Amino acid sequence: MPFINNTHKFIFIGNARCGSTTMYTKLGNIFANDDIVWEDGRDAKPWLYHMGIKDTIDRYPFAKDYSKFCFVRNPWSRFLSGYREFIKPAHHEWSSSILKYKTFDDFCSGFTNDSISKDIHFKSLYNQMTIGGQKCMDYIGRFENMNEDFSKILYQITGNNYTLDIHLNHTASSDYAAHYCKKSKEMIEDFYSTDILLLDYRF
């Protein structure tokens, strides 16, 4: 579920493969004494855990005027991260269809015609932050600059200094280009064209 803080009046939308679990945990620790709405917490099902802003406001209309923030990530890096994570046995309850693909290239080739392309973990990030095509986020942080952006956003919302202080595996998040061929690169470019254009990402 989204993290809603009634005391400081903000909503955090936890986009998949953008550091959401790290930030959910940190927000829960920082604001443990605030009036919080975070149903099921980290035990929520994926489609609730990564709920977008439209469904959030539909479910919690009292929070529609709260400050809203989320994090985004380079689509090619995010897609590869999703593949690497969801071939692990722990996720096979819902992601078992990935196992029919022998390689990452195979997965890229079959992705757009596979039902998993509609799964919340691979959903367009821009769609996660819009209602009726209008962007609703007051602040958008970048996974690539997670520590600095997290601190900056919380300072702008609360006036207080908070730090995320996590070590990012820069190799894992920056070596994505080596895993794409021309065809798979273009598949991502087409599927996530809105994210690439409106969030200003490049391969």
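A residue is taken as buried when its relative accessible area is under 20%, as exposed when that area is over 50%, and as partly exposed in between, with a 1.4 Å probe and protein chains only. By this criterion Ser124, at 13% relative accessibility, counts as buried. The model described here is predicted, so that local features need a pLDDT of at least 70 and side-chain atom pairs count only at pLDDT 80 or more, whereas totals for chains, interfaces and linings use all residues. Residues are numbered from 1 along each chain as its sequence is written, and side-chain values use heavy atoms, with hydrogens and water left out.

Ser124 is located in the loop between H6 and H7, where helices (H or I, at least four residues) and strands (E, at least two) are DSSP runs numbered from the N terminus. When neighbours within four places in sequence are left aside, Ser124 is in contact (heavy atoms within 4.5 Å) with Tyr192 and Asp195. With Asp195 a polar contact is formed between the two side chains, at 2.7 Å. A polar contact is here a pair of N or O atoms within 3.5 Å; within protein, one atom must be able to donate a hydrogen and the other to accept it, and residues adjacent in sequence count only if both atoms are side-chain atoms. Between Ser124 and Thr21, which are 103 residues apart in sequence, the C-alpha to C-alpha separation is 18 Å.

The loop between H6 and H7 also holds Thr112, which is partly exposed at 37% relative accessibility. Apart from neighbours within four places in sequence, Thr112 is in contact with Ser117, Met187 and Phe191. Thr112 and Met187 are 75 residues apart along the chain, and their C-alpha atoms are separated by 8.4 Å.

Met187 and Phe191 also take part in the packing of helix H10 against helix H6, in which they are met, together with Lys183 and Ser184, by Asp105, Cys108, Ser109 and Phe111 of H6. By class, this contact of H6 with H10 comprises four nonpolar, two polar and two charged residues, where Ala, Val, Leu, Ile, Met, Phe, Trp, Tyr, Cys and Pro count as nonpolar, Asp, Glu, Lys and Arg as charged, and the others, Gly among them, as polar. The axes of H6 (residues 104–111) and H10 (residues 182–191) come within 9 Å and cross at roughly 40°, which makes H6 oblique to H10. Axes are lines fitted to C-alpha atoms, for helices over the stretch in contact, and angles run from 0 to 180 degrees between N-to-C directions; angles under 35 degrees count as roughly parallel, over 145 as roughly antiparallel, 65 to 115 as roughly perpendicular and the rest as oblique. The crossing of H6 and H10 is left-handed, a crossing being left-handed if the near helix is turned anticlockwise from the far one by less than a right angle, and right-handed if clockwise. Within H6, Phe104, Phe107, Cys108, Gly110 and Phe111 are buried, and the elements that cover the buried residues of H6 include helix H4 (75–86) and H10.

The contact involves Met23, Lys26, Leu27 and Ile30 of H1 and Met146, Phe150 and Leu154 of H8, and its residues divide into six nonpolar, no polar and one charged.

Gln128, in helix H7 (residues 125–128), is buried with a relative accessible area of 4%, and its side chain reaches the backbone oxygen of His50 at 2.7 Å. Beyond neighbours within four places in sequence, the contacts of Gln128 include Ile13, Asn15, Met51 and Gly52. Thr56, in helix H3 (residues 53–59), is buried at 0% relative accessibility, and a polar atom of its side chain lies 2.8 Å from the backbone oxygen of Gly52. Residues up to four places away in sequence not being counted, Thr56 touches Pro2, Ile4, Ile11, Ile13 and Met51.

Positive phi values were also computed for residues other than glycine. Lys9, in the loop between strand S1 (3–5) and strand S2 (10–13), has a phi of about 55° and is partly exposed, with a relative accessible area of 45%. For Asp200, which lies in the segment after helix H11 (193–198), phi is near 60°.
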